[in-house]
Amino acid sequence: MTDLHVVILAAGKGTRMKSGRPKVLHELAGSTLIDHVLDTAAALGAKSTVLVVGHEAELVRQSLSARPGLDFVIQSPQLGTGHALLQTAALLESKPGTVLLLYADVPLLQSNTLVRLLEQHTNQRAAATILTVEAPDPDGYGRIVRDHSGAVVRIVEDRDASVAERAIHEINSGIYALDLPPLFDALRSLATDNAQGEYYLTDLVALYHHQQLTIDTLCFENPEELRGVNTRVDLAELGRALLDRKRRSLMLGGVTLEDPSTTYVEAGVLVGEDTIIGPGVRLTGRTSIGARCRIHAGSRITSSTLGDDVTVLDHCVVVESAVEAHASIGPFAHLRPGSDVGAQARVGNFVELKKTRLGPRSKANHLAYLGDATIGADVNIGAGVITCNYDGVQKHHTLIDDGVFIGSDSQLIAPVTIGKEAYVGAGSSITENVPPGGLAVARARQTNKEGWAASRRRAHQKKD
């Protein structure tokens, strides 16, 4: 295959979105519209990728700053799709190969569809290959006009079509494979004699026909992939379509979704076989879940890694953290970014971890806050234990070695180290290191005053 250059049109304001934010930066199933299109294009191995931007161009550019290898050109003013593609001339005109034209607001398109289009274009040695679709209701779309032999002679936009042309059901998707050598001279010859007064890229087809250049089509069977986003209603409908696609893929891959309609799973999430996901679960970002896991109702897991055979009980939040094999989380546990739960460890109800490593087989069963801590293997953290990691200016670290027992309602005031197999008595406030094998008790001595309650009652009775 010749060199491939992807051009993505992303200059429009998206007036019907009724938003101050560029349309292409609105989110759909966890990613912006433009990110969905770029992810699809990335699978094609293009020599270059060019974005034509216009409205809020700098904001669009900044949102994509983490993506290497993108080129940007400005379309201003915005005078139509032909004019938009012409803005890439300085970058592409001297290069060989094929341009694949995509749109930043068409997020459902899949890379295998584009591979088919490019293969058709190459095999037919076409100057232009158009992705088309047979639409039951073609209103609003450009129609593919063919001659008596079936050859494409032009594309007519809906607003410019005659009654007979509007009866045509084969529509233009706007997605093209275009050979570079004739492209830019042809774009410069486009005119604006149409209802919008714009340079229509569709007019390129009639021009190529008159020049006797080969024009081919790939008539695609799935119009859903070609839907664009123009309103927030479209955004919601296409979001559901993406989620349905992902949920179906997971179930066909051996994952059980107990209630698919309430399960939210973004495209980048990986889930292993025989994992069971309960109702209302939300899996987002770059999350990876192993095999045979059990994710119970109402939990949210974001950009985190779960090993095999992990159990997440109801209503847990796990963010940018890792949980190793056979560990158990929840219910109502919160793993904040930077937390790591070791194999067979247990994080119980209403336990919060932040930048904390909980070692293998260790357990914090209930009502604890463990922040900025390294906790070894086989440690028992009692109810109500807190690592006091913040002094009002900076955070400090707590180290708890293997085999330690921390009694309930203790405070470990960092920086502090609890040595291997040491004990901390319940209700202690630990401000100094505890040696290995030692016992630390740091609480006020209990004083019992016998008969005090009766004496107090008598005193109150006298006042009455």
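Predicted model: local features only at pLDDT ≥ 70, side-chain atom pairs only at ≥ 80, totals over all residues.

Me: What helices and strands does the protein chain have, by number?

Reply: The protein chain has ten helices and 39 strands.

Me: And is the chain spread out or compact?

Reply: It is more spread out than a compact globule, because its radius of gyration is 32 Å, well over the 23 Å that the globule rule gives for 464 residues. Along its principal axes, the C-alpha trace spans about 110 × 55 × 45 Å.

Me: What percentage of the residues count as buried?

Reply: Of the 464 residues, 48% count as buried. The chain exposes about 22,100 Å², and carbon and sulfur atoms supply 49% of that area.

Me: What about charges?

Reply: There are 46 positive and 53 negative side chains in the protein chain. The centres of these two sets lie 11 Å apart.

Me: Turning to the inside, which residues touch the most other members of the largest nonpolar core?

Reply: They are Leu100, Leu102, Ile175 and Leu183, in a core of 66 residues. Strand S1 (residues 4-10) gives this core its largest share, six residues. In general, nonpolar side chains tend to be buried together in soluble globular proteins.

Me: What does Leu100 touch, leaving out residues up to four places away in sequence?

Reply: Its contacts include Leu4, His5, Val6 and Val7. Leu44, Leu114, Ile175 and Tyr176 are also among them.

Me: How many residues are in the second, separate core?

Reply: That core has 48 residues, including Ala327, Ala373, Ile375 and Ala440.

Me: New topic: where is Thr40, and is it buried or exposed?

Reply: Thr40 is in helix H1 (residues 33-42). Thr40 counts as buried because its relative accessibility is 14%, and the cut-off is under 20%. Apart from neighbours within four places in sequence, Thr40 is in contact with Leu109, Gln110, Ser111 and Leu114.

Me: Which residues are buried in helix H8?

Reply: In H8 (residues 203-210), Leu204, Val205, Ala206 and Tyr208 are buried.

Me: What covers the buried residues of H8?

Reply: The cover includes strands S7 (128-134), S9 (152-156), S10 (170-179) and S11 (215-220), together with helix H7 (183-188).

Me: And what is the phi of Gln212, which follows H8?

Reply: The phi of Gln212 is positive, near 60°.

Terms used: Residues numbered from 1 in each chain as written. Heavy atoms only, no water. Helix = DSSP H or I, 4+ residues; strand = E, 2+ residues; numbered from the N terminus. Rg over C-alpha atoms; globule rule 2.2 N^0.38 Å. Buried < 20%, exposed > 50% of the residue type's maximum accessible area, 1.4 Å probe, protein only. Areas by Shrake-Rupley, 256 points an atom, 1.4 Å probe, with all protein chains shown as cover. Lys, Arg positive; Asp, Glu negative; His and termini not counted. Charge placed at Lys NZ, Arg CZ, Asp CG, Glu CD. Core = buried A, V, L, I, M, F, W, Y, C linked by side-chain atoms within 4.5 Å. Contact = heavy atoms within 4.5 Å.
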